[in-house]
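Here's a quick tour of a protein chain for someone meeting it today. Have a look at the model, then read on.

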Amino acid sequence: MGKEAVLYKVEGNKIRCLACARRCLIGEGQVGFCGVRSVHNGKLYLDVYGKVAAAHVDPIEKKPLVHFYPGSKVFSFSTFGCNWMCMYCQNFDISQRRRAEGTEVTPEELVEMAIAYDAEGMTYTYNEPAIFAEFAHDTGVIARKKGLFNTMVTNGYWTPELVDYVKDFLDAATVDFKGNGEPKFMRRYTGASGPEPIIETIKGLKDEGIHVEITDLIIPQIGDSLEAAKKLLKQLYDILGPDVPIHFLRFHPDYKLGYLPWTPVKTLEEHYKVAKEMGFNYVYIGNVPGHPYENTYCPNCGRMVIRREGFRILEWNLTEDMRCKYCGYKLPIVGKLSKHAFEDRFESVYI
């Protein structure tokens with residue numbers, strides 16, 4: 001049965017879950033859409049509290065977070081379940097398994113493992129962390145006390161209550177749009193109502209001083225509209241300004257959309273061009289190793305200051321306080337370059 005949740009309220013003889021924008025109204029003995037938050041004896045329980053589905057040590061650039069503690073190692077883990085039903089999910093074996101399963105590990109043990117692997121932070125990822133928010137919260141509070149930072153990879157389909165809850169421990173988040181956040185695409189291929197709750201989440205995260213980077217999975221034929229991209233980018237610019245990193249990610253065929261092709265690189269480049277023309281200073285193309293738009297360029301002098309290939313940093317041309325070595329312009333990068341930056345930072349975790 002897990003552990004009693006925090007993010008809920010009683011409405012008559014039912015429970016309203018407050019963890020995500022679905023706000024499921026759950027009756028006795030029933031379970032929410034995510035498959036892991038259920039009602040017993042008039043209370044909501046997180047059935048996967050302390051149950052880990054997957055764990056791994058990753059480069060922070062894999063999240064992707066490229067303007068937050070660059071080159072660092074992060075201890076990443078997930079539970080089962082999700083509040084979306086994405087038809088292209090590359091982690092469908094984790095996210096679409098709506099069962100309270102997993103290896104039993106306490107928050108304290110997870111933090112101890114992260115420290116043992118010499119990780120600098122924790123990342124709640126692989127499935128949607130909103131659905132296991134209480135488990136992430138308890139882990140994150142301990143991690144912060146031990147000197148680790150905390151990040152999430154999320155679809156952002158949250159509630160204001162969740163934003164308020166995670167401010168106790170969360171330092172950074174990658175908010176991952178799909179198909180430019182186009183409403184019809186979202187309803188058909190993710191099961192979400194539209195992008196509005198995600199936009200509100202981004203506003204909330206910014207207000208709490210949490211570092212945000214944006215990803216947008218561009219799916220050919222069904223989720224690659226440049227007009228939808230322009231609309232989304234305008235909203236993001238108005239909230240986050242020109243310095244927020246924008247990552248356009250290449251789709252690869254998976255799960256129920258295995259019949260679609262890989263996103264053409266030209267399509268990604270067209271999105272990149274639109275974002276740059278709108279005034280964004282830091283735009284990236286992801287999942288195309290070796291592409292020049294993986295790199296970071298100084299907005300002032302145009303010189304390359306960080307060269308990457310995939311998730312690896314190959315060249316670093318910034319000072320310790322994140323100024324361009326060529327012209328002195330200060331880039332908005334949080335933290336310092338990690339001592340692990342030029343290492344192979346992938347490590348298997350056995351739990």
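## The chain as a whole

Let's start with contacts, meaning heavy atoms within 4.5 Å. In the protein chain, 68% of the contacts with a separation of 6 or more are between residues 24 or more positions apart. Keep in mind that this is a predicted model, where local features need pLDDT of at least 70, side-chain atom pairs count only at pLDDT 80 or more, and totals for chains, interfaces and linings use all residues. Residues are numbered from 1 along each chain as its sequence is written, and side-chain values use heavy atoms, with hydrogens and water left out.

Of the 351 residues, 56% count as buried. Buried means under 20% relative accessible area, exposed means over 50%, and partly exposed is in between (1.4 Å probe, protein chains only).

Which residues are buried in helix H2 (residues 107-116)? They're Pro-107, Leu-110, Val-111, Met-113 and Ala-114. These cover an arc of only 160° around the axis, which puts them on the same side of H2; the arc is that of the directions from the helix axis to the C-beta atoms.

The cover over these buried residues includes strand S7 (51-52), strand S9 (73-78), strand S11 (121-124) and helix H3 (133-145). On the face turned away from the buried side, you'll find the exposed residues Glu-112 and Ala-116. Just after H2, Asp-118 takes a positive phi of about 60°.

## Loops worth a look

Asn-41 sits in the loop between strand S5 (37-40) and strand S6 (43-46). Its phi is near 55°, a positive value in a residue other than glycine, and Asn-41 counts as exposed at 66% relative accessibility.

Gln-221, in the loop between strand S14 (211-218) and H7, isn't a glycine either, yet has a positive phi of about 75°. Gln-221 is exposed, with a relative accessible area of 60%.

Technical notes
Helices (H or I, at least four residues) and strands (E, at least two) are DSSP runs, numbered from the N terminus.
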